Amino acid sequence: MRERASGPRLVGVGMGPGDPELVTVKAVRVLREADVVVVPVMDTGEVGRAEATVRHHADAAKIVRVVFALNEREDRARREAAWDAAGAQVAELLRGSDGATVAFATIGDPNVYSTFTYLAHTLRELVADLTVETVPGITAMQDLAARSGTVLAEGTEPLTLVPVTAGAEVLKEALAGPGTVVAYKFGRFAEQVAAALRESGREGDAVWGAALGLTNEQVSAAGTPLPAELPYLSTLIAPVRREGRGGKL
């Protein structure tokens, strides 16, 4: 077993896509052992998915809610100021006592399009001798694949993950290539995604989902047309068309 580092410790903990049962045993242990559990919130103050999942597994008294400009898309100066303020707040928590462990709860996996990576970059510059670790989490594409009965990859097939916030052209390029394509964060661009699916001929096999594991969950059957608008954190899987049984493993 690796020896735990001395000094302040920041651990990004993957909380999965929303279902509190889709959290690893290690993630629960780290949450319960941490001195503080930081959860990111928008400036509107509502309870997010990560916080809701943490509350199922850890003492609410150790939760510290830190505001991030998660919904800021236009004003870069405001976004940067919010990041700096959040970083400073978490830095104080890490300096609070010798060897403090701060867990940062993030939806999905902390190494996949996560708030955590930005925070860790900031804190490495603010906190001396900081140890940064991560605990992997189940991703939305894995959850949607399970709930919809969709195979993500077989044999030597590639698997491509695209955030549609990067632009519809990036998605079109991926759909024109081999293997299954997964689209993240496409809710505001649902019409563009639908058009890209039609152009690629993949609309008949694609599945989409939102609010996975929550009471307002949406999971489509294969080929269900996309609505004009979906929640921001919607996920789409466009599987490759397969002939016969799987290929070489």
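How many bridges join strand S8 to S9? Two bridges join S8 (residues 207-210) to S9, and the strands run antiparallel. This is a predicted model, in which local features need pLDDT of at least 70, side-chain atom pairs count only at pLDDT 80 or more, and totals for chains, interfaces and linings use all residues. Residues are numbered from 1 along each chain as its sequence is written, and side-chain values use heavy atoms, without hydrogens and water.

**Sheet**
- Five strands (DSSP E runs of at least two residues; paired if DSSP finds at least two bridges between them) form an open, mixed sheet in the order S6-S7-S10-S8-S9.
- Its edge strands are S6 (159-163) and S9 (218-219), each pairing on one side only.
- Gln 218 in S9 is the bridge partner of Ala 210.

**Helix H1**
- Ala 27, Val 28, Val 30 and Leu 31 of helix H1 (residues 25-33; helices are DSSP H or I runs of at least four residues) are buried (under 20% relative accessible area, 1.4 Å probe, protein chains only).
- They lie on the same side of H1 because they cover an arc of only 165 degrees around the axis (taken from the directions from the helix axis to the C-beta atoms).
- Val 25, Arg 32 and Glu 33 are exposed (over 50%) on the face turned away from the buried side.

**Helices H3 and H4**
- The axes (lines fitted to C-alpha atoms over the stretch in contact; angles run from 0 to 180 degrees between N-to-C directions) of H3 (residues 76-94) and H4 (residues 115-126) come within 9 Å and cross at roughly 65 degrees.
- Contact (heavy atoms within 4.5 Å) involves residues including Trp 83 of H3 and Tyr 118 of H4.
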